[in-house]
Amino acid sequence: LIGRRTLEEDDPVRGMGRVPLRVVFSGSGKLRRTLKAFRPGGGPVVVFTTKEMPASTRTWLEGVADVRVESRAKSVNLRRALAILAEDYNVRRAFCEGGPSLVRGLVREGLLARLHVTFVPVVFGGAMAPTLLGPAGLSDLKRSVCLRLENFEAREGRGFATYRVSQRRT
């Protein structure tokens, strides 16, 4: 699973090749046809979007992806999207590459079971400093979410942590 902005900024190749299914979320539907995710090869592509998607984008995208449109909303219903992935594509486990809007939505809806975090030795500051859920000053979570550390490993100056997400909120 990947959000549009992360897809646009990173244009990932690694991890997009031999996966059973590649899933893109975009409320605006403004996707570039040159993105590597839409090239042939790798797994099938599913795009969840809204009525905001330009008709010209939908036309070319339907040739390379299964396009699922929220016809009455300006944002993708993540709970419904995951239900569609489970029912129509037999998805039982999904890896979310992000970005912050998608991760924030999954956390807000209680749809995230495990969180893998890579710690890189950089300290950011200010209200617009990046966090897992977007800029620090823009968080819209009503309550904190409890995490339980399952594993931590340090390699090459970086930390790799795995947390279980608790459905209990503080």
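What is the order of the strands in the open sheet of four strands? The order is S1-S2-S3-S4, and the pairing is parallel. Two strands count as paired if DSSP finds at least two bridges between them. Strands (E, at least two residues) and helices (H or I, at least four residues) are DSSP runs, numbered from the N terminus. The model is predicted: local features need pLDDT of at least 70, side-chain atom pairs count only at pLDDT 80 or more, and totals for chains, interfaces and linings use all residues. Residues are numbered from 1 along each chain as its sequence is written, and side-chain values use heavy atoms, with hydrogens and water left out.

Strand S1 (2–3) and S4 stand at the edges of the sheet. Each has a single partner strand, so one side of each is left without a neighbour in the sheet. Strand S3 (residues 45–50) runs parallel to S4, and five bridges join them. Val47 stands opposite Val67 in S4. Helix H3 packs on this sheet. H3 touches strand S2 (22–26), S3 and S4. Contact means heavy atoms within 4.5 Å. The direction of H3 makes about 145 degrees with that of S4. Axes here are lines fitted to C-alpha atoms, for helices over the stretch in contact, and angles run from 0 to 180 degrees between N-to-C directions.

Ile84 lies in helix H3 (residues 78–89). Residues up to four places away in sequence aside, Ile84 touches Phe48, Arg68 and Tyr89. Thr131 is 47 residues from Ile84 along the chain, and their C-alpha atoms are separated by 29 Å.

Charged pairs come next. Side chains of opposite charge can pair when their charged atoms come close. A salt bridge is a side-chain nitrogen of Lys or Arg within 4 Å of a carboxyl oxygen of Asp or Glu. A search of the whole structure finds nine salt bridges. In one of them, the side chains of Asp88 and Arg68 meet at 2.8 Å, N to O. This pair links distant parts of the chain: Asp88 is in helix H3 and Arg68 in strand S4 (residues 66–70), 20 residues apart. Asp88 is partly exposed at 41% relative accessibility. Arg68 is also partly exposed, with a relative accessible area of 23%. Partly exposed lies between buried (under 20% relative accessible area) and exposed (over 50%), with a 1.4 Å probe and protein chains only. Asp66, Arg68 and Asp88 are linked in a network of salt bridges.

Glu150 takes part in two of the pairs described here. With Arg114, the closest N and O atoms are 2.8 Å apart. Arg114 lies in strand S5 (residues 114–119) and Glu150 in strand S6 (residues 145–155), 36 residues apart. With Arg164, the closest N and O atoms of the salt bridge are 3.3 Å apart. Arg164 lies in strand S7 (residues 158–169) and Glu150 in S6, so the pair ties together parts that are 14 residues apart in sequence. Relative accessible area is 34% for Glu150 and 32% for Arg114. Arg164 has 30% relative accessibility and counts as partly exposed.

Helix H4 (residues 100–108) has the buried residues Leu102, Val103, Arg104, Gly105, Leu106 and Val107. Just after H4, Gly110 takes a positive phi of about 70 degrees.
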